[in-house]
Amino acid sequence: MDIAILFGIILIVLFVVAYLTKRRFGVLGLALAAGALLSDLWADKLTPLIADSGVVVERPPLLTLVAAGIVLLPAVVLFVSGPVYRKSNERLIGAFLFALLAVALLVEPLGSGLLLSGESKQVYDVIAENRVYIITGGLIIAVIDILFTRIPKRGGKH
């Protein structure tokens, strides 16, 4: 599969899910960062355990799927709970930033398990060369978004 198509599919699916769940980018962005860190620490150790349980995948390698899954898992868990956006334009921007940050964090795990040549290699190289800037900007915006997250006050006397 062409890497540009794969990244496009990932971008669209994550955008749609983030938009529909209305979750704030700050929480999801930091969850992606946590997932990337956990993936670096645990993907090599978990892959043999998953392979021993009977999961067999030839293309892409199981390590690639495990690493990508660990990156996304904390954010996926937070899709069911957490602060939300109220306005549609905030949801659009937050969902786009979430999907873009996820793709930037998945470049390394996915690129290591796919055969790249020609145009696919060029697309991959452009994303890989700019991933540091995308991740840095995304995390800064995520922290700023968390600063503007307001916890709803409970009404009534306690």
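**Exercise 1. Sort the residues that line the largest pocket by class, and find where they come from.**

Solution. By class, the lining divides into 12 nonpolar, 3 polar and 4 charged residues, where Ala, Val, Leu, Ile, Met, Phe, Trp, Tyr, Cys and Pro count as nonpolar, Asp, Glu, Lys and Arg as charged, and the others, Gly among them, as polar. Before going on, note that this is a predicted model, in which local features need pLDDT of at least 70 and side-chain atom pairs count only at pLDDT 80 or more, while totals for chains, interfaces and linings use all residues. Residues are numbered from 1 along each chain as its sequence is written, and side-chain values use heavy atoms, with hydrogens and water left out.

The next step is the pocket itself, which holds about 370 Å³ of space. A pocket here is an open set of points on a 1 Å grid over the protein atoms alone, where a 1.4 Å probe fits and protein lies on both sides within 12 Å along at least five of seven lines; lining residues have an atom within 4 Å of a point. The lining has 19 residues, and those nearest the centre of the pocket are Ala36, Ser39, Asp40, Glu108 and Pro109. Two or more lining residues come from each of α2 (25–52), α3 (62–78), α4 (88–113) and α5 (119–147), and the largest share, 7 residues, belongs to α2.

**Exercise 2. Describe the chain as a whole.**

Solution. The protein chain has 5 helices and 0 strands, these being DSSP runs numbered from the N terminus (helices H or I, at least four residues; strands E, at least two). The C-alpha trace spans about 60 × 35 × 25 Å along its principal axes. Of the 158 residues, 34% are buried, a word that stands for under 20% relative accessible area, with exposed meaning over 50% and partly exposed in between (1.4 Å probe, protein chains only).

**Exercise 3. Locate the salt bridges and say which parts of the chain each one joins.**

Solution. A search of the whole structure gives 3 salt bridges, each a side-chain nitrogen of Lys or Arg within 4 Å of a carboxyl oxygen of Asp or Glu.

- Arg24 pairs with Asp145, with the closest N and O atoms 2.8 Å apart. Arg24 sits in the loop between α1 (3–21) and α2, whereas Asp145 is in helix α5, so that distant parts of the chain, 121 residues apart, are linked. Both Arg24 and Asp145 are buried.
- Glu108 pairs with Arg131, with the closest N and O atoms 3.6 Å apart. Because Glu108 lies in helix α4 and Arg131 in helix α5, the pair ties together parts that are 23 residues apart in sequence. Glu108 is partly exposed, at 46% relative accessible area.
- Asp125 pairs with Lys121, with the closest N and O atoms 3.2 Å apart. These two residues are 4 residues apart in helix α5, and therefore about one helical turn separates them. Asp125 is partly exposed at 25% relative accessibility, and Lys121 is partly exposed at 35%.

**Exercise 4. Find the nonpolar patch on the surface and its main source.**

Solution. The patch consists of Leu30, Ile140, Val143, Ile144, Ile146, Leu147 and Phe148, with about 650 Å² of accessible area together. Helix α5 gives the largest share of the patch, 5 residues. Leu147 is placed in helix α5, and this residue counts as exposed because its relative accessibility is 66%.

How values were computed:
Points joined across faces, edges and corners; volume = space filled by probe spheres on them. Patch = residues over 30% accessible without salt bridge, like charges linked within 9 Å, V, L, I, M, F, W, Y side chains within 5 Å. Areas by Shrake-Rupley, 256 points an atom, 1.4 Å probe, with all protein chains shown as cover.
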